[in-house]
Amino acid sequence: CMNNKGVTMIELIVVVTIVSILVVALGFEFQGWMGRYRTESQTKTMYVDLMNTRARAMQRNRAHFVTLPSAANATSYSIFEDNNPAPDGDNILQTAADTLLQTYPKTVEYGMNWNWNGGGTTITLDREGIVTPSGTLYAFADRDGNGIDDFDSDYSCIVIFATRINMGKCNGVNCATCGAK
């Protein structure tokens, strides 16, 4: 009589194959999940920085400036407080004389693209919290250059109006936000 207490080579190969397929599938899913998380995290960080800068401008009664690199897919931004000439500044960015806030410039993982009315690379937040110029900040992973977020993140852009700042999702053409008009 034959003893059936062991595992055959065929059974072992089948189990190893199934486990390998699951590991590869989960690895791709994890990579996509991490990409979505990083894109959303970057967008939320920039949003919080803009909102905090707006509040700081009103609290300190001084204009503040967010400077964005002019290159497409820029990977950093800086925030300055207008204090030149002393004590209250002149509402003009002078990077050599105005105060660069601590922890800036900030570096981001995925490139950011700016779409501002009138162009330019500086966002001004005045003493009353009014933001100029209006426009859209696209901060998403577009590694293939088709204009669509590669990770389909829930938040991948920020729409800036004179009196409000909203996060949204880029659909390849524009930034769709709740309540934006």
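Start with the salt bridges: this predicted model holds five of them. Side chains of opposite charge can pair when their charged atoms come close.

**Stop 1: Arg38 and Glu109**

Select Arg38 and Glu109. They form a salt bridge, with the closest N and O atoms 3.7 Å apart. Arg38 sits in helix H1 and Glu109 in strand S4, so this pair ties together parts that are 71 residues apart in sequence. Now show the surface around Arg38. Its relative accessibility is 37%, so Arg38 counts as partly exposed.

**Stop 2: Asp49 and Lys106**

Asp49 belongs to helix H1 and Lys106 to strand S4, so the pair ties together parts 57 residues apart in sequence. Is Asp49 buried or exposed? Asp49 counts as buried, because its relative accessibility is 8% and the cut-off for buried is under 20%.

**Stop 3: Arg62 and Glu81**

Next, select Arg62 and Glu81. Their side chains meet in a salt bridge at 2.7 Å, N to O. Arg62 is in the loop between H1 and S1, while Glu81 is in strand S2 (residues 74-81); the two are 19 residues apart. Both residues are buried. With Arg62 and Glu81, they are linked in a network of salt bridges.

**Stop 4: helix H1**

Zoom out and select residues 9-60. This is helix H1, with 52 residues. From its first C-alpha to its last, H1 reaches 74 Å, close to the 76 Å expected at 1.5 Å a residue. Click on the residue that follows H1. Asn61 has a positive phi, near 55°.

**Stop 5**

Move to residues 165-170, strand S9. This strand is mostly covered, with five of its six residues buried. Four residues lie between them in a hairpin.

**Last stop: confidence**

Color the chain by pLDDT. The mean is 83, and 86% of the residues reach 70 or more. Which element has the lowest mean pLDDT? Strand S4 (residues 106-116) does, at 79, whereas strand S1 (residues 64-67) has the highest, at 92.

Definitions and conventions
Residues numbered from 1 in each chain as written. Predicted model: local features only at pLDDT ≥ 70, side-chain atom pairs only at ≥ 80, totals over all residues. Heavy atoms only, no water. Expected span 1.5 Å × (residues − 1). pLDDT = per-residue confidence, 0-100. Buried < 20%, exposed > 50% of the residue type's maximum accessible area, 1.4 Å probe, protein only. Pairing = 2+ DSSP bridges. Salt bridge = Lys/Arg side-chain N within 4 Å of Asp/Glu carboxyl O.
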